[in-house]
Amino acid sequence: MKILNKLYLASTLLASLTPTMMLAGCKGRVQPTGKIQQERVAGGMVASPIARKSVGTPVPHSTSTSPASPETGGGGLSAPANAIKVSSLQALSNWNNQHDAGTPGSSAGTMSMTNSPAKSGNARKFITSFSNYGGQRYSASIGADVNAKNFLYDGWVFLQNTGSTIGNIEMDLNQVTSSGLTVIFGFQCDKWSGTWDYTANKGTAASPDDTWIHSAAPCDPAKWAQNTWHHVQIRYARDDSGYVTYQSVALDGAVQNINAKVFSAFNLGWSPTILTNFQIDGAFSGSGSSTVYLDSLALYRW
């Protein structure tokens with residue numbers, strides 16, 4: 001599969017940070033190492049043409065929050081009624097995008113808002129072009145909450161005649177905790193292994209060794225029905241020591257249990273933030289493009 005060091009920050013993004021944020025954001029940040037480990041919970045390793053992958057961070061941004069409604073989450077997974085919900089994340093004004101230097105090849109992306117196709121009337125459209133398996137990362141900062149330990153990612157994804165050109169659809173959450181460590185909840189639908197994958201840090205917070213692990217839960221973006229909305233929900237939690245439990249994932253209401261506990265904390269020196277990454281990776285060595293829509297994206301935390 002591909003991936004990891006999620007710690008790369010593009011120079012264009014650095015230029016947008018204030019001096020205080022720049023110091024906090026860059027301290028301890030590492031360039032992609034190229035060293036990747038891949039594991040499968042059940043079965044053998046599946047090779048991927050993508051060597052590694054990184055996850056960057058945008059500038060923190062505040063949004064309004066509200067208590068979750070009783071039907072929180074909808075579909076196959078739910079959050080408790082006392083969870084804090086931040087909704088319409090796809091409509092935030094602080095989305096940015098950049099090539100993931102941890103992937104091979106090259107990529108470029110554009111974003112726009114549209115009312116068709118859209119579930120809410122206000123969907124975000126991502127057009128990604130790539131060559132040689134390149135991946136494009138789209139990011140937005142939600143705000144800051146250093147104490148929340150449980151999360152439900154809840155969004156709708158629409159693939160427009162583009163399933164065969166997508167290698168991976170990655171949906172991440174990064175949280176700076178009260179300890180100052182950054183916990184990375186990395187999750188993706190992986191064409192190469194045909195599974196849902198999650199990230200772990202096989203090293204230490206100060207000396208990380210990022211790893212993608214293939215779960216036993218099947219997923220392949222090429223098998224997603226085209227030109228229709230798909231409901232994606234991911235539920236995970238963390239503890240005070242930086243261990244993440246990837247609990248379950250639901251695609252169109254069908255729940256698959258992951259039940260994997262791994263260490264996933266990093267000493268990056270970031271200022272408090274919660275951010276989300278939405279990444280599209282190319283599926284072949286030639287040139288190609290994809291058009292993907294994201295709507296009704298919400299994050300529940302408690």
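A salt bridge is taken here as a side-chain nitrogen of Lys or Arg within 4 Å of a carboxyl oxygen of Asp or Glu. The legends below describe a predicted model, in which local features need pLDDT of at least 70 and side-chain atom pairs count only at pLDDT 80 or more, whereas totals for chains, interfaces and linings use all residues. Residues are numbered from 1 along each chain as its sequence is written, and side-chain values use heavy atoms, with hydrogens and water left out.

**Figure 1. Salt bridge between Asp 145 and Arg 301.** The two side chains meet at 2.6 Å, N to O. Asp 145 belongs to the loop between strand 7 and strand 8 (150–159) and Arg 301 to strand 19 (residues 287–301), so the contact ties together parts that are 156 residues apart in sequence. Helices (H or I, at least four residues) and strands (E, at least two) are DSSP runs, numbered from the N terminus. Asp 145 is buried, at a relative accessible area of 16%, and Arg 301 is likewise buried, at 10%; buried means under 20% relative accessible area, exposed over 50%, and partly exposed in between (1.4 Å probe, protein chains only).

**Figure 2. Salt bridge between Asp 240 and Lys 149.** The N to O distance is 2.8 Å. Asp 240 lies in the loop between strand 14 (229–238) and strand 15 (243–251), and Lys 149 in the loop between strand 7 and strand 8, so parts 91 residues apart in sequence are tied together. Asp 240 is exposed, with a relative accessible area of 57%, while Lys 149 counts as partly exposed at 29%.

**Figure 3. Salt bridge between Asp 100 and Arg 137.** The side chains meet at 3.7 Å, N to O. The pair links distant parts of the chain, with Asp 100 in the loop between strand 4 (96–99) and strand 5 (106–114) and Arg 137 in strand 7, 37 residues apart. Both Asp 100 and Arg 137 are buried. The protein has four salt bridges by this rule.

**Figure 4. Aromatic rings in the model.** Rings of Phe, Tyr and Trp (its six-membered ring) pair if their centres lie within 6.5 Å; planes under 30 degrees apart count as stacked, over 60 as edge-to-face and the rest as tilted. The count by this rule is 15 aromatic pairs. One of them, Phe 126 with Tyr 138, is edge-to-face, at 4.6 Å centre to centre and 65 degrees between the planes. Phe 126 lies in strand 6 (residues 123–131) and Tyr 138 in strand 7 (residues 135–143), twelve residues apart. Phe 126 is buried at 0% relative accessibility, and Tyr 138 is buried at 0%. Ring pairs also link Phe 151, Phe 185, Phe 187, Trp 196, Tyr 198, Tyr 236 and Tyr 246 into a cluster.

**Figure 5. Nonpolar cores and the surroundings of Phe 278.** A nonpolar core is a set of buried Ala, Val, Leu, Ile, Met, Phe, Trp, Tyr and Cys residues joined through side-chain atoms within 4.5 Å. The largest has 48 residues, and Phe 278 and Trp 95 are among those with the most contacts inside it. Leaving aside neighbours within four places in sequence, Phe 278 is in contact (heavy atoms within 4.5 Å) with residues including Trp 95, Phe 126, Arg 137, Tyr 138, Ile 169 and Leu 294. A second, separate core of seven residues includes Leu 77, Ala 83, Ala 298 and Tyr 300.
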